[in-house]
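This report is meant for someone meeting the structure for the first time. Please look over the sequence and the model before reading on.

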Amino acid sequence: MSREKAKMKLDVRTMTLIAAFTALIAVGAFLRIPGPVPKTFQLFFTVLAGLLLGSRGGAASAGLYVLLGLCGVPLFTQGGGFSYVLHPNFGYLIGFIVGAWVIGRIVEQSGSAEPSIGRLLCAAYVGMIIVYVIGVVWLFVITNYVLGVTMSAWKAFMYGFLVLVPGDIVLCGLAAFLARRLRKAMRFM
């Protein structure tokens with residue numbers, strides 16, 4: 001891929017897509033599947049952003065979402081504001097930015113305008129793992145060292161990963177299949 005193609009063009013279309021995915025990630029925080037641990041759609045839209053917008057566009061949409069929330073807009077599942085960095089779940093938000101970038105990077109490295117479904121699935125699952133690693137580590141550190149509540153590494157892994165991941169495995173697969181179709185449609189936009 002040439003250097004010119006690797007640079008993301010910040011044209012009106014790209015900025016509109018970044019803003020749209022920022023809004024979708026925000027809406028995803030409030031779309032919940034009930035259960036013992038409610039499941040949101042933030043990761044689904046973050047993965048989709050990385051798959052469709054590439055590394056820079058996906059990371060920009062997730063980053064803008066986090067920035068708006070830190071500025072006080074109540075976009076996060078439990079509010080907003082700068083103090084949210086001390087919330088046990090904030091690591092997942094950082095993971096969204098890094099995960100979207102990695103997802104986009106994997107897709108971009110396919111070398112073709114139409115990456116295979118296998119590459120899209122691989123990118124989605126690698127991004128999901130990154131989100132969970134950052135999220136679980138943050139959960140463990142903030143809970144133990146900031147909030148002063150003792151939580152074992154196993155308990156952080158269990159509540160921060162094992163309970164949540166089955167639903168996200170399905171949603172990441174769905175995002176990859178949806179991205180395959182949307183990438184074809186977006187070429188004509």
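Predicted model: local features only at pLDDT ≥ 70, side-chain atom pairs only at ≥ 80, totals over all residues.

## Salt bridges

Side chains of opposite charge can pair when their charged atoms come close. In this model the count comes to three salt bridges. One of them joins the side chains of aspartate 168 and lysine 39, with a distance of 2.8 Å from N to O. Because aspartate 168 belongs to helix α7 (residues 165–186) and lysine 39 to strand β2 (residues 39–40), this pair ties together parts that are 129 residues apart in sequence. Aspartate 168 and lysine 39 are both buried.

Another salt bridge links glutamate 108 with arginine 105, at 3.3 Å from N to O, and here both residues sit in helix α4 (residues 90–108), three residues apart, which is about one turn of the helix. Glutamate 108 is partly exposed, at 21% relative accessibility, and arginine 105 is likewise partly exposed, at 33%. A further salt bridge brings together the side chains of arginine 180 and glutamate 114, at 3.8 Å from N to O. Since arginine 180 lies in helix α7 while glutamate 114 lies in the loop between α4 and α5, the pair ties together parts that are 66 residues apart in sequence. Arginine 180 has a relative accessibility of 26% and counts as partly exposed, as does glutamate 114, with a relative accessible area of 21%.

## Threonine 46 in helix α3

Threonine 46 is part of helix α3, which covers residues 42–70. Its relative accessibility is 1%, so threonine 46 counts as buried. The side chain of threonine 46 reaches the backbone oxygen of glutamine 42 at 2.8 Å. Leaving aside residues up to four places away in sequence, threonine 46 touches Ile25, Ala62, Phe96 and Ala100.

## Cysteines

How many disulfides does the structure hold? The number is zero. Cysteine 122 is in no disulfide, and the nearest cysteine sulfur, which belongs to cysteine 172, is 12 Å away. Cysteine 122 is partly exposed, with a relative accessible area of 40%, whereas cysteine 71 is exposed, with a relative accessible area of 63%.

Note on methods:
Residues numbered from 1 in each chain as written. Heavy atoms only, no water. Helix = DSSP H or I, 4+ residues; strand = E, 2+ residues; numbered from the N terminus. Buried < 20%, exposed > 50% of the residue type's maximum accessible area, 1.4 Å probe, protein only. Polar contact = N/O pair within 3.5 Å; in protein donor to acceptor, adjacent residues only side chain to side chain. Contact = heavy atoms within 4.5 Å. Disulfide = S-S within 2.5 Å. Salt bridge = Lys/Arg side-chain N within 4 Å of Asp/Glu carboxyl O.
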